[in-house]
Amino acid sequence: MPRLPSGLPLIPPPPPAPLTEAQSLVVPGLGAAAGLAMELMAVPKKKVSKYKKGLRNGPKALKPVPVIVRCRCCGRVKLPHFYCCSGERGNPSESSS
């Protein structure tokens with residue numbers, strides 16, 4: 001029996017465990033998905049043209065939004081979708097009396 005330099009006897013390695021069915025089907029480089037549990041994915045039949053893609057994605061594009069607008073009634077600068085002079089026509093100082 002061979003011995004280590006320290007004088008202890010060399011212990012043989014344990015026998016390899018038997019392979020299960022799933023382990024034997026694994027192909028190196030493809031991973032575990034290559035076995036029987038392969039999942040199917042949706043794959044397009046034809047390439048989508050740039051025109052069709054643009055039609056689909058056109059509404060998703062960012063559009064310039066005015067940050068500051070003028071009030072239609074009094075002409076003051078305000079933020080969009082905010083009330084200014086409560087929508088009254090004419091001079092705001094006249095409406096208070």
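Where is the place of valine 67? Valine 67 sits in the loop between α2 (50-57) and β1 (69-70); helices (H or I, at least four residues) and strands (E, at least two) are DSSP runs, numbered from the N terminus. The model is predicted, so local features need pLDDT of at least 70 and side-chain atom pairs count only at pLDDT 80 or more, while totals for chains, interfaces and linings use all residues. Residues are numbered from 1 along each chain as its sequence is written, and side-chain values use heavy atoms, with hydrogens and water left out.

The protein has 3 helices and 2 strands, in the order α-α-β-β-α from the N terminus on. Of its 97 residues, 3% count as buried (buried is under 20% relative accessible area, exposed over 50%, partly exposed in between; 1.4 Å probe, protein chains only).

The C-alpha atom of valine 65 is separated by 9.3 Å from that of proline 80, 15 residues apart along the chain. Histidine 81 has a phi near 65°, a positive value in a residue other than glycine. Most residues other than glycine have a negative phi.

Valine 67 also belongs to a nonpolar surface patch with Ile68, Val77, Leu79 and Phe82, and together these residues have about 520 Å² of accessible area. Patches are made of residues with over 30% relative accessible area and no salt bridge, like charges being joined within 9 Å and nonpolar side chains (Val, Leu, Ile, Met, Phe, Trp, Tyr) within 5 Å. A salt bridge is a side-chain nitrogen of Lys or Arg within 4 Å of a carboxyl oxygen of Asp or Glu. Accessible areas come from the Shrake-Rupley method with a 1.4 Å probe.

Phe82 is also one of the residues that lie nearest the centre of the largest pocket, together with Cys71, Lys78, Tyr83 and Cys84. This pocket is lined by 10 residues and has a volume of about 180 Å³. A pocket is an open set of points on a 1 Å grid over the protein atoms alone, where a 1.4 Å probe fits, with protein on both sides within 12 Å along at least five of seven lines; lining residues have an atom within 4 Å of a point.

Methods: Grid points are joined across faces, edges and corners, and a volume is the space filled by probe spheres set on the points.
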